[in-house]
Amino acid sequence: QAAGWDYLNDSGKGPDTWEASYDTCGGSKQSPINIETAMVEEKDLGDFTFVGFGEDDKPVNATMTVSNNGHSVVVGVDGDYHVSGAGLGTTAYKAVQFHFHWGSVNSQGSEHTIDGKAYPGELHIVCYNTSYPNFFSALFNEDGLTVLGFFLEIQTVDNPALTQLFDVISSIQFDEEEEDLSMPVVFNNFLPSDLSSYYRYSGSLTTPPCYEIVTWNVFTEPIMVSEAQLNALRRQYANKHNAADNITLTDTYRPVQPVNNRTVYMTDP
Ligand code: B30
Ligand code: ZN
């Protein structure tokens, strides 16, 4: 990976060092955070409108490409998937990719925590504000992105809607490897059923360059996966194929950042 950062504590490029190379990572509105439920304020945000997320409204000719980019497993989304409503203003936000954060053990791996509790992983659907011409230009505006964040929780059986995706990642274990999904995933088949319960706050990209442009939505109901499915993520490497040594890509989460003077909202806390 070109970027000079990682998640390791002893590499000299870990989260504690990010702000030395990327000023914004030392800002006052950083993500992730620990959500203290006793401090959450009520606000009528309204429901999300999802377009393209279901079996019935999935975009025609949508494609998804899953890749290892050296710091995560990312699924690039090409198709008319978008979200609006939920206090996001008058424009729609278009999904461009989703990716995972995970831990080496089940007691860690999520980026956000709830009252100090971490989950084994977290999935982020990254959407840009379509009042900007493209994803890249949205990155330079404070209302540029909204990210839909879902915790991953372990159940005994596989999540069937994610079987294809977790199978494919065994063939893209190394940095810069990618593979098309023959069938685009249907979000509604693996997202939790209750999409009306979420925390909302203003924060940042959780990786360098840590731009403070993200309207965060952290959903309370987790996505259920099996430990075998989570293990497919734990078999990814941060290095390229044929490197002298393999560096396991794991604990791909940034530690929680100070909340400072921000408020976390919820429709019905
Ligand atoms: S997150 O959802 O806050 N974890 C980006 C998007 C969402 C999050 C973090 C980062 C992002 O788009 N970063 C800039 C683009 N990246 C390319 C990439 O997809 O992966 C460039 C980069 O490094 O610096 Cu890696
Ligand atoms: Zn993320």
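Is Cys210 buried or exposed? At 0% relative accessibility, Cys210 counts as buried, and the points below, which concern a predicted model, start from this residue.

1. The disulfide. The structure holds one disulfide, and the residues that it joins are Cys25 and Cys210, with an S to S distance of 2.0 Å. The torsion about the S-S bond of Cys25 and Cys210 is about 85 degrees, so the disulfide is right-handed. Cys25 lies in the loop between α1 (18-21) and β1 (34-35), while Cys210 lies in the loop between β12 (198-203) and β13, so the pair ties together parts that are 185 residues apart in sequence. Cys25 is buried as well, with a relative accessible area of 4%.

2. The remaining cysteine to note. Cys127 takes part in no disulfide, and the nearest cysteine sulfur, which belongs to Cys210, is 20 Å away.

3. The copper site. For the copper atom of ligand 1, the protein supplies a single donor, His71 (NE2), at 2.3 Å. His71 is found in the loop between β4 (63-68) and β5 (73-78).

4. The nonpolar cores. The largest nonpolar core has 46 residues, and those with the most contacts inside it are Phe98, Phe100, Ile125 and Phe187. Strand β7 (residues 93-102) contributes the largest share of this core, namely five residues. Once its neighbours within four places in sequence are left aside, Phe100 is in contact with a set of residues including Val73, Leu123, Leu152, Leu165, Phe166 and Leu233. Apart from this core lies another, of 23 residues, among them Val40, Ala138, Val147 and Tyr199.

5. Helix α5. The buried residues of helix α5 (residues 227-234) are Gln229, Leu230, Ala232, Leu233 and Arg234, and they pack against β5, β7, β10 (145-155), α3 (163-168) and β13 (214-226). Arg234, buried at a relative accessible area of 14%, meets the side chain of Glu227 in a salt bridge (3.5 Å, N to O), whereas Glu227 is partly exposed, with a relative accessible area of 35%.

6. The other salt bridges. The structure holds four salt bridges. One of them is formed by Asp175 and Lys240, whose closest N and O atoms are 3.5 Å apart; Asp175 lies in the loop between α3 and β11 (178-180) and Lys240 in the loop between α5 and β14 (265-266), so the pair ties together parts that are 65 residues apart in sequence. Asp175 counts as buried at 5% relative accessibility, while Lys240, at 39%, counts as partly exposed. A network of salt bridges links Asp175, Glu176 and Lys240. Glu55 forms a salt bridge with Lys58, the closest N and O atoms being 3.1 Å apart, and here the relative accessible areas are 44% for Glu55, which is partly exposed, and 37% for Lys58, which is partly exposed too.

How values were computed:
Residues are numbered from 1 along each chain as its sequence is written. Chains are lettered from A and ligands numbered from 1 in the order in which they are written. This is a predicted model: local features need pLDDT of at least 70, side-chain atom pairs count only at pLDDT 80 or more; totals for chains, interfaces and linings use all residues. Side-chain values use heavy atoms; hydrogens and water are left out. A nonpolar core is a set of buried Ala, Val, Leu, Ile, Met, Phe, Trp, Tyr and Cys residues joined through side-chain atoms within 4.5 Å. Buried means under 20% relative accessible area, exposed over 50%, partly exposed in between (1.4 Å probe, protein chains only). Helices (H or I, at least four residues) and strands (E, at least two) are DSSP runs, numbered from the N terminus. Contact means heavy atoms within 4.5 Å. Donors are N, O and S atoms within 2.8 Å of the metal (3.2 Å for Na, K and Ca); water is not among the atoms, so sites may look incomplete. A disulfide is a pair of cysteine sulfur atoms within 2.5 Å.
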